[in-house]
Amino acid sequence: MRALCWYGKDDVRVDTVPDPEIVNPRDAIVKITSTAICGSDLHLYDGYIPTMQKGDVLGHEFMGEIVETGRGVTNLKKGERVVVPFTISCGNCFFCQKELWSLCDNSNPNAWMVEKLYGASPSGLFGYSHMMGGYAGGQAEYVRVPFADVGPIKIPDGLADEQVLFLSDILPTAYQAAENGDIQPGDTVAIWGGGPVGQLTIKCAYLLGAERVIAIDQVPERLAMARNQGKAETIDFSQEDVIDRLKELTGGRGPDVCIDAVGLEAHGMAPDAILDRAKAALFLATDRPHALREAIQACRKGGVVSIPGVYGGLLDKVPFGAAFNKGLTFKMGQTHVQRYLQPLLEKIQGGELDAASIITHRLSLDEAPDAYKTFKARKDGCVKVVLKP
Amino acid sequence: MTEEQKSAARGTIGVALAGGALGLTAYGVYRQVRGQKAEEGHSPVASVEHGEGNKFIRLVTINKPAAELYRYWHDFTNLPRFMHHLESVEILGEGRSHWKAKAPLGQSVEWDATIINDVENELIAWQSEEGAQIANAGSVRFTPAPAGRGTEVKVTISYAPPAGQIGVAIAKTLGEEPSRQVADDLRRFKQLMETGELPTNDRQPQGSSPLLTPTGLLAEATSEPK
Ligand SMILES: NC(=O)c1ccc[n+]([C@@H]2O[C@H](COP(=O)([O-])OP(=O)(O)OC[C@H]3O[C@@H](n4cnc5c(N)ncnc54)[C@H](O)[C@@H]3O)[C@@H](O)[C@H]2O)c1
Ligand SMILES: [Zn+2]
Ligand SMILES: [Zn+2]
């Protein structure tokens, strides 16, 4: 089959690779009909995530049709359409049973690698490095889905791929980010990052009762999308001092909820951001937490900092004293996707949530290497790319 | 990656393990298991000098009742399913069993073992019989975790560094991290008991199948943000 493979920094290629096969009883094989590129894929593309190997198949946002099931999968039949969560979860362990799906104890065959780094391993992920399980991803024609009896959600007829594809990751991620903010009536929510996750988080924050949403980015098309689609106010961080501006917009209090939808590759104009880049290059720190620092600094006393943006390693100069003395609450982590599938599918069906509207690029799988370039450079107004195998 | 590549990548080969665990200071475990009942100064395995063995303790919590875990483990023929360096365990009767583990260079190590303590749903302890190439002992204890959190499983393995030529070879390869293997075996036990299968990324599609050197995986892994 054809699949997008990782070969190194800024180097992904569409290769012919062997088809996946059923290995375990609870596996299914899915023929992919739509797959997307995620901001998280850029962290791989930029070489930030360790334990990648040349030839690894990328992609963790995908949906398609069941073509084969292992003998342990009785709830899915050949021909059924499913969206597959990017978190691989067994459904049997303590964490799955508490609906902490992205913390599944059993789905990462390389858990020992992560344990060295983090003390314990989260769930396995599709197409996201060997320390996260080494599972081949879904920017491909076919994919093997482990624990298929608990993960995938069946999609009723009448819904187009584009309407439901983002249930695989970014829609639940945005929803969880907003939910973690514990939004109260009257709250102002500030969101760093106007990428796909940020755009959908704006919508979810309003859905969960935010009074105002303020989006922060520097890409003009993304700021425009946040204003036009999301009905957010916007701050261009390349033009204005973010913390001052947020104070100004909130009567000097600061936002009640601050959401970092940027993650470890934040860009910045300030000296700390430039220092971060130098340090990352020298290994003194691995991540560049510029957006997180601002979120902590800006957040009102007793507020919540919610972090859907991905971090992988060590952070330097995080203003923990500010966080402590302002009594902030932090919530973070990979998304517990399975928890949100059914409720969000219903919101899509009921017309309460439109995730498809952020798609700006529709391309074939063969065009994926160019799509990565465009998405990374945020060229052509690119916000979200959907690929058809 | 295949199992072989994985173990190579890890830079350890295990012979033995957990149950298969190579050997032990049988005496240490024996004492621990039997409590005060062991007679001071008298080792049940004559060939192992007291105090010379290696001992590992590993724990895992499994979301299943102790009775179910005990039953599965108690049938030693199940052990090779999750102790990947064991080739087979054969039941000889009367608490005795015959163990066969993979050793480096395509060799294998075999020994007979006896159950020395067995408390239903709580504890199983075994040790190699006199004359084993690598004297070893192990025990597994099942204790209910608080508030329905499943069962805490504690494995203790000890073995005496083997002697002789094969012993040297084994010791060399074992050198790195034999306790790692006990931990892996225990993780597989948990995966098998909780999910009914062993999660794997074997036989996955991959571009231009990369060759793994023993350290290649992690070398690539830790290579910077380039
Ligand atoms: N928690 C999860 O499970 C989960 C799931 C999906 C994505 N993510 C993460 O969410 C983050 C966003 O994903 P995305 O797909 O939207 O990525 P993206 O790269 O398209 O968007 C990031 C945006 O942040 C902006 N940005 C950079 N530095 C900034 C700064 N200092 N202040 C404000 N904005 C800044 C960029 O201009 C860009 O528009 C990534 O880190 C991704 O890995 C997490
Ligand atoms: Zn993603
Ligand atoms: Zn689980």
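An oxygen atom of ligand 1 sits 2.6 Å from an N or O atom in the side chain of D217(A). Once the protein is in place, it covers 98% of the 860 Å² of accessible area that ligand 1 has on its own. Keep in mind that this is a predicted model.

**Around ligand 1**

- Ligand 1 has 32 residues around it, and the closest are S40(A), D217(A), R222(A), H267(A) and P308(A).
- S40(A) puts a polar side-chain atom 2.6 Å from an oxygen atom of ligand 1.
- G193(A) uses its backbone instead: one of its backbone N or O atoms lies 3.4 Å from a nitrogen atom of ligand 1.
- Which elements of chain A each supply at least two residues of the shell around ligand 1? They are helix 1 (39-45), helix 6 (196-207) and strand 12 (212-217).
- Helix 1 of chain A gives the most to that shell, with 4 residues.
- Sorted by class, the shell around ligand 1 comes out as 15 nonpolar, 13 polar and 4 charged residues.

**Where chain B meets chain A**

- Chain A brings 50 residues to the contact, and chain B brings 35 residues.
- Interface size is often quoted as the accessible area that is lost when the parts come together.
- For chain B and chain A, that buried area is about 3700 Å², with 51% of it on carbon and sulfur atoms.
- There are 16 residue pairs in polar contact across the interface of chain B and chain A, counting pairs with both residues at pLDDT 80 or more.
- On chain B, helix 1 (3-10), helix 6 (178-195) and helix 7 (216-221) each supply at least two residues of the side that touches chain A.
- Helix 6 of chain B has the largest share of that side, at 7 residues.
- What's the class make-up of the side of chain B that touches chain A? Its residues divide into 10 nonpolar, 10 polar and 15 charged.

**A closer look at Q206(B)**

- Q206(B) is in the loop between helix 6 and helix 7 of chain B.
- Setting aside neighbours within four places in sequence, Q206(B) is in contact with V17(A), P18(A), Q53(A), K54(A), G55(A), D56(A), V57(A) and H130(A).
- With D56(A), the link is a polar contact of 2.5 Å between the two side chains.

**Salt bridges**

- Counting over all chains gives 28 salt bridges.
- Between chain B and chain A, the count is 3 salt bridges.
- In one salt bridge, the side chain of R187(B) meets that of E115(A), at 2.9 Å from N to O.
- Within chain A, the side chains of E179(A) and R339(A) form a salt bridge at 3.9 Å, N to O.
- That pair links distant parts of the chain, with E179(A) in helix 5 (residues 170-180) and R339(A) in helix 12 (residues 337-349) of chain A, 160 residues apart.

Terms used. Residues numbered from 1 in each chain as written. Chains lettered and ligands numbered in written order. Predicted model: local features only at pLDDT ≥ 70, side-chain atom pairs only at ≥ 80, totals over all residues. Heavy atoms only, no water. Contact = heavy atoms within 4.5 Å. Buried area = accessible area lost by both parts, 1.4 Å probe. Salt bridge = Lys/Arg side-chain N within 4 Å of Asp/Glu carboxyl O. Polar contact = N/O pair within 3.5 Å; in protein donor to acceptor, adjacent residues only side chain to side chain. Nonpolar A, V, L, I, M, F, W, Y, C, P; charged D, E, K, R; others polar. Near = heavy atom within 4 Å. Areas by Shrake-Rupley, 256 points an atom, 1.4 Å probe, with all protein chains shown as cover.
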